[in-house]
Amino acid sequence: MWHNGLLHKLVFVVRFSSVSRVILRNKKHRVNSSRFKLKWQAIHAVVPQGSILGPIMFLLYINDITSQVQTNMCLFVDDTSLFVTVKFNVPVYDSEILNDDISKITAWADRWLINFNATKTETLLISRKTFKPFHPPLFMNNHSIKDVSIHKHLGLFLSNDGKWHAHIDHTSCKAWQRINIMRKL
């Protein structure tokens, strides 16, 4: 996170205390290896991992992203999801809205020095229809977003047919692995 951006946002959200400033001030890092040691370098864009205030500061930093979009948006820590319900069998209209929202989010990210990785971004169309209509592609940073048939989201495996077979298969596979470990013990 960009420290000055976070401080700017904190002024408008909470009464900013000196404790928060201390957490962000004078942070440094360096790389050590068996062959060399690099000099300490100042960090200007990070919240310390493992700190109590870190997740709260991150949420305060990204919370205003939801005001940028027309579509439905869910945030969970650093996972962001946009979704629409296609109405009246006009997926072209909904794709335009999603592409517009993705552009707005990208502009927001550029302004607040956040990186969204377009190559890790996926799109999933969930429908039980046998003959699915054409859904135009979605783009982020001029990169076509990969269309997938199964997507893992917050530990759930969502399938494009709206069924739970992928999640059930994954869960039962994990259970069998643990049962086999217990058998060996």
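User: Which residues touch the most other members of the largest nonpolar core?

Analyst: This is a predicted model. Its largest nonpolar core holds 13 residues. The members that touch the most others are Leu-6, Tyr-61, Ile-65, Met-73, Ile-105, Trp-108 and Ile-114.

User: Leaving aside neighbours within four places in sequence, which residues is Trp-108 in contact with?

Analyst: Trp-108 is among the core members that touch the most others. With neighbours within four places in sequence set aside, its contacts are Lys-9, Tyr-61, Ile-62, Asp-64, Ile-65, Gln-68 and Ile-114.

User: How many residues are in the other core, which lies apart from the largest one?

Analyst: Its members include Leu-98, Ala-118, Met-140 and Ile-145. The count for this core is 6 residues.

User: How far apart in sequence are the parts tied together by the pair of Tyr-61 and Trp-112?

Analyst: The two rings are edge-to-face, at 6.1 Å centre to centre and 80 degrees between the planes. Both residues are buried. Tyr-61 sits in helix H3 and Trp-112 in the loop between H4 and strand E5 (122-123), so the pair links parts whose separation in sequence is 51 residues.

User: Is Thr-106 buried or exposed?

Analyst: Thr-106 lies in helix H4. Its side chain reaches the backbone oxygen of Ile-102 at 2.8 Å. Beyond neighbours within four places in sequence, Thr-106 is in contact with Met-140 and Asn-141. Its relative accessible area is 11%, and the cut-off is under 20%, so Thr-106 is buried.

Definitions and conventions: Residues numbered from 1 in each chain as written. Predicted model: local features only at pLDDT ≥ 70, side-chain atom pairs only at ≥ 80, totals over all residues. Heavy atoms only, no water. Core = buried A, V, L, I, M, F, W, Y, C linked by side-chain atoms within 4.5 Å. Buried < 20%, exposed > 50% of the residue type's maximum accessible area, 1.4 Å probe, protein only. Contact = heavy atoms within 4.5 Å. Phe/Tyr/Trp six-rings, centres within 6.5 Å; stacked < 30°, edge-to-face > 60°. Helix = DSSP H or I, 4+ residues; strand = E, 2+ residues; numbered from the N terminus. Polar contact = N/O pair within 3.5 Å; in protein donor to acceptor, adjacent residues only side chain to side chain.
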